[in-house]
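Open the model in your viewer and keep the sequence panel beside it. The tour below goes from one selection to the next and says what is found at each.

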Amino acid sequence: MSSRMLPVPDGLDGMRVDAGLAKLLGLSRTVVAELAESGDVLLDGRPAGKSDRLSGGGLLEITLPEPANPVEVVAQPVEGMQILHDDDDIVVISKPVGVAVHPSPGWTGPTVVGGLAAAGLRIATSGAAERQGVVHRLDAGTTGVMVVAKSEHAYTVLKRAFKERTVDKGYHAIVQGHPDPTRGTIDAPIDRHPRHDYKFAVVQGGRPSVTHYEVVEAFRAASLAHIKLETGRTHQIRVHFSALRHPCVGDLTYGADPVLARHLGLSRQWLHAKTLAFAHPADGRWVEFESEYPDDLAKALEILREESY
């Protein structure tokens, strides 16, 4: 166990203990609530409950558990994972649905890094043990193209490229309804949902998040949009289109119509990382890669097209 003492920032004045400490420490509200219930959160020397209110300038003392051992990478073949490109510095793959990028506590399914290990591919050793070589991520429920660094040089160069936003990330999404205007930019800050830890939301004071979109095909009840991300927040596309009242079709977590999802045979959001382009870390030449729609998304698109004629 380790203890931390820190003053309550004025910006957290009046916030609940669980919400304020989650924001301050980067923990989930559930973890903070458990710490409070165990008596491990003191506010001005007195135990604080999860629903107590923070006061600006107060003194917090938090006893944190020791971090768990790193999650082990298990070499496991990943069905449906395609290698689109492989050289000494990078490997580019098309990630199937239901596959996490790297291991994490509580995840027992397949991972990209485990699949690459099973394929005998060596990847960079930079980064935390369970996500070595990983320079960006896709949600387990999102399919499409992504790159993993194989050399230490590539890891450094690509991490910087993603941070400096010089990577061109193109997504396709089918969203409910018809966005107006048909071409635009969503500039709205994103942070964890104030009430549900597993979701994100547009919230005042959140992290800057910018999404550019253009509707490329319209159907009776939905639209196919081409999307370029300027930033790369967790669930960014899903959150932004939900905030516009045009959630990704099939995305029940963010308000999609379950009847339409069933009709189209979807058990997840219609969202696909279609293209990825960047300066190759070896020589700086611009390279572009593309991933085809997986079967479930292609079938749903086919139904929408047929019913629009």
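Predicted model: local features only at pLDDT ≥ 70, side-chain atom pairs only at ≥ 80, totals over all residues.

Start with the largest nonpolar core, which has 45 residues; select Val-112, Leu-116, Val-147, Tyr-171, Ile-227, Ile-237 and Phe-278, the members that touch the most others. Now colour domain 2 (70-164) and domain 3 (165-286): both contribute residues to this core, so it lies between them. In soluble globular proteins, nonpolar side chains tend to be buried together.

Stay with Ile-237 and show its surroundings. Leaving out neighbours within four places in sequence, Ile-237 contacts Tyr-171, Ile-227, Leu-229, Cys-248 and Leu-271.

Next, select Leu-25, Val-41, Ala-48 and Leu-60. They are among the 17 residues of a second, separate core.

The domain assignment places domain 1 at 2-64, domain 2 at 70-164 and domain 3 at 165-286. Between the C-alpha centres of domain 1 and domain 2 the distance is 35 Å.

Select helix H1, residues 17-25. Is this helix enclosed by the rest of the structure or open? Seven of its nine residues are buried, so H1 is largely enclosed by the rest of the structure. The buried residues are Val-17, Asp-18, Ala-19, Gly-20, Leu-21, Ala-22 and Leu-25. Step just past H1 to Gly-26, where phi is positive, about 75°.

Move on to helix H2 (residues 29-37) and pick Ala-36. With a relative accessibility of 9%, Ala-36 counts as buried. Which residues does Ala-36 touch, not counting those up to four places away in sequence? They are Val-41, Ala-48, Gly-49 and Lys-50; Val-41 and Ala-48 also belong to the second core. For a distance check, draw a line from the C-alpha atom of Ala-36 to that of Arg-195: the two are 159 residues apart along the chain and separated by 17 Å.

**The cavity**

A search of the whole structure finds one cavity of 30 Å³ or more. About 40 Å³ of space lies in the largest cavity. To see its lining, select His-136, Val-145, Lys-169, Gly-170, Tyr-171, Ala-273, Thr-275 and Leu-276.

Strand E8 (168-176) and strand E14 (271-279) each supply at least two of the lining residues. Colour the lining by class and you get four nonpolar, three polar and one charged residues.

**Backbone stops**

Go to the loop between E8 and strand E9 (183-187), where Pro-181 is found. The peptide bond joining Asp-180 and Pro-181 is cis, with omega about 10°.

Two further stops have positive phi without being glycine.

- Asp-44 is in the loop between strand E2 (41-43) and strand E3 (46-47). Its phi is positive at about 55°, although Asp-44 is not a glycine. Asp-44 is partly exposed, with a relative accessible area of 45%.
- Arg-245 is in the loop between helix H5 (236-243) and helix H6 (258-263). Its phi is about 70°, again positive in a residue that is not a glycine. Is Arg-245 buried or exposed? The relative accessible area of Arg-245 is 69%, so it is exposed.

How values were computed: Residues numbered from 1 in each chain as written. Heavy atoms only, no water. Core = buried A, V, L, I, M, F, W, Y, C linked by side-chain atoms within 4.5 Å. Buried < 20%, exposed > 50% of the residue type's maximum accessible area, 1.4 Å probe, protein only. Domains from an automatic or database assignment. Contact = heavy atoms within 4.5 Å. Helix = DSSP H or I, 4+ residues; strand = E, 2+ residues; numbered from the N terminus. 1 Å grid on protein atoms, 1.4 Å probe; cavity = no way out; pocket = protein on both sides within 12 Å on 5 of 7 lines; lining within 4 Å. Points joined across faces, edges and corners; volume = space filled by probe spheres on them. Nonpolar A, V, L, I, M, F, W, Y, C, P; charged D, E, K, R; others polar.
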